[in-house]
Structure formats: C-alpha cells, structure tokens
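Biologist: Before I use this structure, I would like to go through its descriptions one by one. Please show it to me, and then I will ask what each description rests on.

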Amino acid sequence: MMAWLEVAGLQAGYGGNQVLHGIQFELEEGRIVSLLGRNGMGKTTTLKCLMGLIVPKAGTLRLGQRTINGLAAHEVARLGVGWVPEGRQIFPTLTVEENLLATAADRHRAAQPYTLQRVYAFFPRLQERRQNMGNQLSGGEQQMLAIGRALMTNPRLLILDEATEGLAPLIRQEIWRVLGELRNAGMAMIVVDKDLEALMALADRHVVIEKGRVPWQGDTEALRAQRSEVERYLGV
Ligand SMILES: Nc1ncnc2c1ncn2[C@@H]1O[C@H](COP(=O)(O)OP(=O)(O)OP(=O)(O)O)[C@@H](O)[C@H]1O
C-alpha cells in the first residue's frame with residue numbers, strides 16, 4: 001500500500017548551504033507524525049519544502065496521487081495543506097472574526113466544513129474576543145487564532161511548527177486539548193514541538209531529525225521503549 005503522504009530522499013538548503021540530506025517519513029490519512037530534534041537540525045526546512053516555500057534539490061514529496069515537489073505555496077494550500085507558522089503571522093489590524101473569515105475556503109467540499117461556529121467551539125476564548133483586533137490579543141490567543149485560521153481553509157493536513165512555544169502552561173494545555181480534539185475528528189497533522197510527553201500523547205509516529213537526516217523513527221510504543229536513545233538526539 002502506498003502511504004498517503006510520502007517524503008523520501010528529501011534534500012534541500014539555502015543557496016550553497018545544504019541543510020537536508022535525505023529526510024524520509026510517511027503519513028497515513030488522519031494520522032499524526034511528530035518531528036523531533038534540536039534547534040537548527042532541519043525541522044522547519046522540511047516543513048517549508050512540504051509547504052512549497054523551498055524547492056527541494058532532490059527527493060520525493062507526494063500527497064495522495066500528487067507529486068508536490070516544486071509546487072508554489074498557494075498550490076500546495078489548494079491541495080488541502082494548512083499551515084500554522086512559527087511566529088503566528090495573523091493580521092494585526094483585523095478583528096479576530098475578520099482574521100478567521102479572511103482565510104475561509106472550502107476547497108474540498110468537506111462533509112463538515114469548518115465554520116466560525118466550529119472554530120469558536122474549539123476555542124471559546126476566540127469567540128469572547130471576536131471583535132478584538134489581532135494586535136490586542138495575548139500570545140496564546142494569537143496562537144489559537146493562527147490555528148483557527150488554518151482550520152478555516154478546511155485542510156486535510158495541518159502543519160504546526162512550535163505551536164506551543166513561549167506560551168503559559170495553561171494556554172499550552174488548551175492548545176494540546178484542541179489538537180487532541182482535531183485528531184479525534186480525523187485531522188492529519190505534522191507537529192513540531194519540544195514537549196515530548198505531549199507529543200507521545202498526541203502523535204502516532206515520531207521522526208528524529210539530526211543534521212538533516214533521520215537517525216531514528218518509530219511509533220509511540222517504540223519511542224517509550226527507546227526513550228533514552230531518542231532523548232540523546234534531543235539533547236535532554
Ligand atoms: N532562510 C535561511 N537562510 C539560510 N539558512 C537558513 C535559513 N533558515 C534556516 N537556515 C539554516 O538551516 C538550518 C536548519 O534550520 P531549520 O530552521 O530547518 O531548523 P529547525 O530544526 O527547524 O530548528 P529551529 O527549531 O531552530 O527552527 C540551520 O542551520 C539554519 O541556520
């Protein structure tokens with residue numbers, strides 16, 4: 001059986017600086033994979049290749065039947081890949097509700113498309129603040145809004161890069177709760193985060209990235225069994 005998402009032999013970099021030397025992992029529809037590794041090892045670069053923000057030098061990137069190497073970012077988005085960028089990038093001078101409506105698109109005529117009501121059900125706090133401007137939100141609220149905006153595009157695959165970085169513990173918990181609900185609703189995700197416990201509770205598979213290569217990958221059970229080996233790669 002061919003996996004739904006396939007990343008194989010992925011090589012990429014910036015100018016003459018090659019950062020990825022053969023990244024390899026697969027993901028089935030509705031499943032969740034975590035990318036682990038210390039800073040600067042190539043996690044974000046891998047995500048950028050998937051999002052069409054960097055053209056890979058070599059390798060396979062396939063989503064369903066489509067090869068997505070070299071597609072532009074808007075073309076990848078149209079295939080149903082939703083991105084929650086590091087640093088959030090919400091519109092500061094639009095209200096919460098305007099931010100959500102700005103990205104609304106039901107590209108797949110989903111049976112249950114994401115609506116304002118559905119996003120507000122995941123994040124009651126956004127509903128309370130729906131008339132506030134983007135720049136009046138706390139860091140955690142901005143992060144919720146960034147996730148909400150990605151959902152409004154009705155993605156089939158959600159990519160989260162350090163979605164809980166720098167947030168207060170309670171807000172982090174809230175984000176993990178919503179990601180768990182999205183998983184239960186069948187959303188496929190690629191998640192980059194530093195919280196190994198939370199990732200083991202959420203994700204099915206885990207991929208370690210070390211200097212642009214994958215020295216270890218496995219399911220959560222394997223990660224539990226080989227935790228000290230994996231933690232050596234993470235520098236913890
Ligand atoms: N725009 C860029 N131009 C040149 N080099 C870059 C650029 N972005 C990242 N790099 C380099 O690529 C390497 C991998 O970076 P990447 O952002 O993929 O790491 P990461 O694993 O996501 O870590 P982090 O958590 O720090 O983002 C680093 O050495 C970094 O300095």
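Biologist: How many bridges join strand β1 to strand β4, and in which sense do they run?

Modeller: This is a predicted model, so everything I say is computed from it. Strand β1 (residues 5-14) and strand β4 (residues 58-63) run antiparallel and are joined by five bridges. Pairing requires at least two bridges, and five bridges meet that requirement, so β1 and β4 count as paired.

Biologist: What makes β2 and β5 edge strands?

Modeller: The open sheet has four strands in the order β2-β1-β4-β5, with antiparallel pairing. β2 and β5 (66-67) each have a single partner strand, so one side of each is left without a neighbour in the sheet.

Biologist: How do you know that β6 and β7 are paired, and in which sense do they run?

Modeller: β6 and β7 are joined by four bridges and run parallel. Two would be enough, so β6 and β7 are a pair. Within this pairing, G82 stands opposite L158 of β7. From strand β6 (residues 81-84), V81 and W83 point one way, while G82 and V84 point the other way. All of these β6 residues are buried.

Biologist: Which residues touch the most other members of the largest nonpolar core?

Modeller: They are V84 and I159, in a core of 66 residues. Helix α6 (residues 139-152) contributes the most to this core, namely seven residues.

Biologist: What does I159 touch, leaving out residues up to four places away in sequence?

Modeller: The contacts of I159 are L47, L50, M51, V81, G82, W83, V84 and I190. A contact here means C-beta atoms within 7 Å.

Biologist: Why is α1 called largely enclosed?

Modeller: Eight of the eight residues of α1 are buried, so the rest of the structure largely encloses it. These are K43, T44, T45, T46, L47, K48, C49 and L50. Just after α1 comes G52, with a positive phi of about 80°.

Biologist: Which helix gives the largest share of the shell around the ligand?

Modeller: α1 does, with three residues. The ligand is surrounded by Y14, N17, V19, G37, N39, G40, M41, G42, K43, T44 and T45. β2 (17-27) and α1 (43-50) each supply at least two residues of this shell.

Biologist: What classes of residue make up that shell?

Modeller: Three are nonpolar, seven are polar and one is charged. Gly counts as polar in this scheme.

Biologist: How does the reach of α7 compare with the expected span?

Modeller: Helix α7 (residues 169-184) has 16 residues and reaches 23 Å from first C-alpha to last, close to the 22 Å expected at 1.5 Å a residue. Its buried residues are E174, I175, W176, L179 and L182. The buried residues of α7 pack against α6, β7 (157-161) and α8 (196-202). G186, which follows α7, has a positive phi near 95°.

Biologist: Why is Q131 called exposed?

Modeller: Q131 has 10 other C-beta atoms within 10 Å. The limit for exposed is 12 or fewer, so Q131 falls in that class. Q131 lies in the loop between α5 (124-128) and α6. Q131 touches T95 and E97, leaving aside residues up to four places away in sequence.

Biologist: Why is E162 called partly exposed?

Modeller: For E162 the count is 18 other C-beta atoms within 10 Å. Buried needs 20 or more and exposed needs 12 or fewer, so E162 is placed in between. E162 is in the loop between β7 and α7.

Biologist: What makes the phi of E162 worth noting?

Modeller: Most residues other than glycine have a negative phi. For E162, phi is near 55°, a positive value in a residue other than glycine. K211 also has a positive phi, near 50°.

Biologist: Where is K211 found, and why is K211 called partly exposed?

Modeller: K211 is in the loop between β9 and β10. K211 has 13 other C-beta atoms within 10 Å, and exposed would need 12 or fewer, so K211 counts as partly exposed. Strand β9 (residues 205-210) and strand β10 (residues 213-219) pair in the antiparallel sense over five bridges.

Terms used
Residues numbered from 1 in each chain as written. Predicted model: local features only at pLDDT ≥ 70, side-chain atom pairs only at ≥ 80, totals over all residues. Core = buried A, V, L, I, M, F, W, Y, C linked by C-beta atoms within 7 Å. Contact = placed C-beta atoms within 7 Å. Expected span 1.5 Å × (residues − 1). Near = placed C-beta within 6 Å.
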